[in-house]
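Subject: Structure for your review

Dear colleague,

Please find the structure below, together with its sequence.

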Amino acid sequence: MLLDTHGRTATDLRVSLTDRCNLRCTYCMPEEGLAWLAKPELLTDDEIVRLVGVAVGQLGVTDVRFTGGEPLLRRGLVSIVERCAALASRPRLSLTSNGIGLERVAVPLREAGLDRVNVSLDTLSPETFERMTRRRRHADVLRGLAAARDAGLTPVKVNAVLMPGINDTEAPELLAWALAEGYELRFIEQMPLDAQHGWQRAEMITAERILAALRHRFTLTPEETRGSAPAERWLVDGGPGRVGVIASVTRPFCRACDRTRLTADGQVRDCLFTREESDLRGPLRGGADDAELAELWRRAMWGKKAGSGLDDPTFQQPQRPMSSIGG
Ligand code: SAM
Ligand code: SF4
C-alpha cells in the first residue's frame with residue numbers, strides 16, 4: 001500500500017501522458033506555450049503501462065486517471081487504456097481532457113475500457129472561450145462532450161474555473177446548461193499552479209462566492225458523503241442533478257487525500273503543490289524489477305506532508321506548472 005505518516009493511503013493515481021497542449025488557458029499556460037519535454041524524457045507507452053501495473057498490482061491503487069497537458073494529444077492513448085484495462089487487478093479508468101478531438105475517439109476509448117471522462121469547459125460563450133484559451137475551439141469541446149455522453153463515458157463531468165472579470169458571472173448559466181445536457185458540473189477554485197505565476201489570492205473566485213451566485217437561482221442541498229473526493233457536492237433543486245465545488249484553496253481536503261501522481265517523465269509526486277519529486281524513470285530504465293519500483297514508490301509517498309502549505313506565508317509555488325504536473 002502507499003501509506004504516509006499521517007495515516008492516509010493513496011489509492012488514486014493521476015498519470016500525466018504529456019505536458020503539451022493545444023489550448024493556452026490563461027490560468028495554466030502562457031500564450032507562447034512552454035519548453036516541452038523532449039521525447040526521450042517522456043515515458044514510453046510500455047513504461048507507462050508497466051508503472052500502472054506496479055501501482056495496481058503491488059501498491060493497492062484502484063483508480064487511474066489519465067491527464068496532462070492534453071492527454072488526447074498522446075498518440076498511444078487508446079492502446080494505453082486498453083492495456084491498463086487488461087491488467088490483472090483492473091483499475092477504474094478515467095480521463096481529464098479539454099475535449100478537443102474527443103468526438104473522434106470517445107467510442108474507441110470506451111471500447112478500450114475507459115470508464116469516465118471529465119471535460120474542462122469554463123464558458124458557454126465562444127468569444128469568452130477564445131479569450132480564456134487563446135484558441136477558437138469552443139464548438140469542438142461541445143461536440144467532444146456530446147460524443148463522450150453518447151459513448152457512455154458517464155457520468156460526464158465538466159470542470160470549470162472562474163476568472164474574475166472574464167467568466168465569473170456565468171456560474172448559474174453553466175449549471176443550468178450542464179443539468180439540461182446531463183453533465184455533472186464542478187467548479188474548481190483557481191490555484192497557484194500557472195506557469196506565469198499570475199495567481200492572486202485576493203482576486204480568485206472563492207467557493208463561497210460561487211455558491212452564493214448559484215443560490216440566487218437554485219436550491220442547493222449538501223450531500224452527506226464526501227469521502228476522499230475533492231469535490232463537495234450539492235443536490236440541485238432536490239436532485240437528481242448535482243453540482244460540485246473543488247475548493248483546494250479555501251476549503252482544503254488534504255486530510256482525506258488519497259492521491260499519488262506520476263508525471264509524463266516518470267516522477268512520482270505526492271501532492272500537486274509539492275516541490276519534491278522521486279524519480280522512477282531512471283531506476284526503471286536501469287533495470288529495476290517491479291518489487292524495487294514499488295518500494296521506491298512507497299518511499300516517495302511515505303513523507304507526504306499533512307497539507308498543501310498554501311496557507312503558509314512562506315508558500316512557494318512548485319517549479320512545475322499544472323500542465324506539466326498533470327492536473
Ligand atoms: N488539458 C486537460 C484539461 O484541461 O482538462 C487536462 C489537464 S488540465 C491541467 C486539468 C484541469 O486542471 C482542468 O480542468 C483545468 O481547468 C485545471 N486547471 C489548470 N490550471 C489550473 C489552475 N491554475 N487552477 C485551477 N485549475 C486549473
Ligand atoms: Fe491545456 Fe488543460 Fe492547461 Fe488548458 S488547463 S492549457 S487545456 S493543460
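**Ligand surroundings**

The shell around ligand 2 holds four nonpolar, two polar and no charged residues, where Ala, Val, Leu, Ile, Met, Phe, Trp, Tyr, Cys and Pro count as nonpolar, Asp, Glu, Lys and Arg as charged, and the others, Gly among them, as polar. The surrounding residues are Cys21, Leu23, Cys25, Cys28, Gly69 and Asn98; a residue is near a molecule if one of its heavy atoms lies within 4 Å of it.

This is a predicted model, in which local features need pLDDT of at least 70 and side-chain atom pairs count only at pLDDT 80 or more, while totals for chains, interfaces and linings use all residues. Residues are numbered from 1 along each chain as its sequence is written, chains are lettered from A and ligands numbered from 1 in the order in which they are written, and side-chain values use heavy atoms, with hydrogens and water left out.

Ligand 1 is surrounded by 18 residues, of which Tyr27, Gly69, Glu70, Ser120 and Met191 are the closest. A nitrogen atom of ligand 1 lies 2.9 Å from a polar backbone atom of Tyr27. For Gly69, the corresponding distance from a ligand 1 nitrogen atom to a polar backbone atom is 3.0 Å, and for Met191 it is 2.8 Å.

**Annotated positions**

The UniProt annotation "binding site", from an unreviewed entry, covers Arg14, Arg65, Thr96, Lys157, Arg259, Thr260 and Arg261. UniProt positions are given in the numbering used here, feature names are shortened, and annotations may be inferred rather than shown by experiment.

Thr96 is placed in strand 5 (residues 92–97); helices (H or I, at least four residues) and strands (E, at least two) are DSSP runs, numbered from the N terminus. Thr96 counts as buried because its relative accessibility is 12%. Here buried means under 20% relative accessible area, exposed over 50%, and partly exposed in between (1.4 Å probe, protein chains only). The side chains of Thr96 and Arg65 make a polar contact at 2.8 Å. A polar contact is a pair of N or O atoms within 3.5 Å; within protein, one must be able to donate a hydrogen and the other to accept it, and residues adjacent in sequence count only if both atoms are side-chain atoms.

Thr260, in strand 12 (residues 259–262), is also annotated and has 0% relative accessibility, so Thr260 counts as buried. Beyond four places in sequence, its contacts (heavy atoms within 4.5 Å) include Arg14, Arg269 and Trp297.

**Helix 3**

The buried residues of helix 3 (residues 102–112) are Leu102, Val105, Ala106, Leu109 and Ala112. They lie on the same side of helix 3 because they cover an arc of only 135° around the axis, the arc being that of the directions from the helix axis to the C-beta atoms. Arg104 and Glu111 are exposed on the other side of helix 3. The buried residues pack against helix 2 (77–85), strand 5, strand 6 (116–120) and helix 5 (138–150). Gly113, which follows helix 3, has a positive phi, near 120°.

**Gln317**

Gln317 is in the loop between helix 9 (290–302) and helix 10 (322–325), and its relative accessibility of 14% is why Gln317 counts as buried. The side chain of Gln317 reaches the backbone oxygen of Pro192 at 3.3 Å and makes a polar contact with the side chain of His197 (3.5 Å).

Yours sincerely
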